[in-house]
Amino acid sequence: YQRVLSGIDLGLQISFAETFNFVAAEHIVKRVPVITSRMVPVMDCMPGYIKKRLVVDDPDSASEIRDKIGYLLENPALLKDLGEKMHKYLKSENAKRIETAKNVLNSIIERNKG
């Protein structure tokens, strides 16, 4: 699976099929842009210009999905750029969430000491 994923230029996860969005997250970790819908929370941390290119408003619209795929395949340099930027934003969001989790855990530990 990892070998196949490494050879992909563009991923798709339009539906909210599983809660953690492993499909989208695995693509982003590999620096592969992924077209999603607004139902896929992994895209929440992405800036507007990335969402504009990769998030479909209507997950049932084959033409909207086709148009986004077509534009990106006609602009292969943009694919690489989006993949790199998406990776950066996901990594940053992950670091924020780890820091929040550490703060919560430290708060609980301190509260239980007293």
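**Exercise 1. Which residue forms a salt bridge with Arg-38, and how far apart are the closest N and O atoms?**

Before we start, a word on the model: it is predicted, local features need pLDDT of at least 70, side-chain atom pairs count only at pLDDT 80 or more, and totals for chains, interfaces and linings use all residues. Residues are numbered from 1 along each chain as its sequence is written, and side-chain values use heavy atoms, with hydrogens and water left out.

*Solution.* 
- Step 1: recall the criterion, a side-chain nitrogen of Lys or Arg within 4 Å of a carboxyl oxygen of Asp or Glu.
- Step 2: the partner of Arg-38 is Asp-57, with 3.6 Å between the closest N and O atoms.
- Step 3: this pair links distant parts of the chain, 19 residues apart: Arg-38 is in the loop between strand S2 (34–37) and helix H3 (48–54), and Asp-57 in the loop between strand S3 (55–56) and helix H4 (62–74). Helices (H or I, at least four residues) and strands (E, at least two) are DSSP runs, numbered from the N terminus.
- Step 4: both Arg-38 and Asp-57 are exposed. Here exposed means over 50% relative accessible area, buried under 20%, and partly exposed in between (1.4 Å probe, protein chains only).

**Exercise 2. Is His-27 buried or exposed? Find its contact with Val-23 too.**

*Solution.* 
- Step 1: locate His-27 in helix H2 (residues 22–29).
- Step 2: His-27 counts as buried, because its relative accessibility is 6%.
- Step 3: a polar atom of the His-27 side chain lies 2.6 Å from the backbone oxygen of Val-23.

**Exercise 3. Which residue has its charged end over the ring of Tyr-89?**

*Solution.* 
- Step 1: apply the test, NZ of Lys or CZ of Arg within 6 Å of the ring centre and within 35 degrees of the ring normal.
- Step 2: the residue is Lys-88, whose charged end sits 4.8 Å from the centre of the Tyr-89 ring.

Definitions and conventions: Polar contact = N/O pair within 3.5 Å; in protein donor to acceptor, adjacent residues only side chain to side chain.
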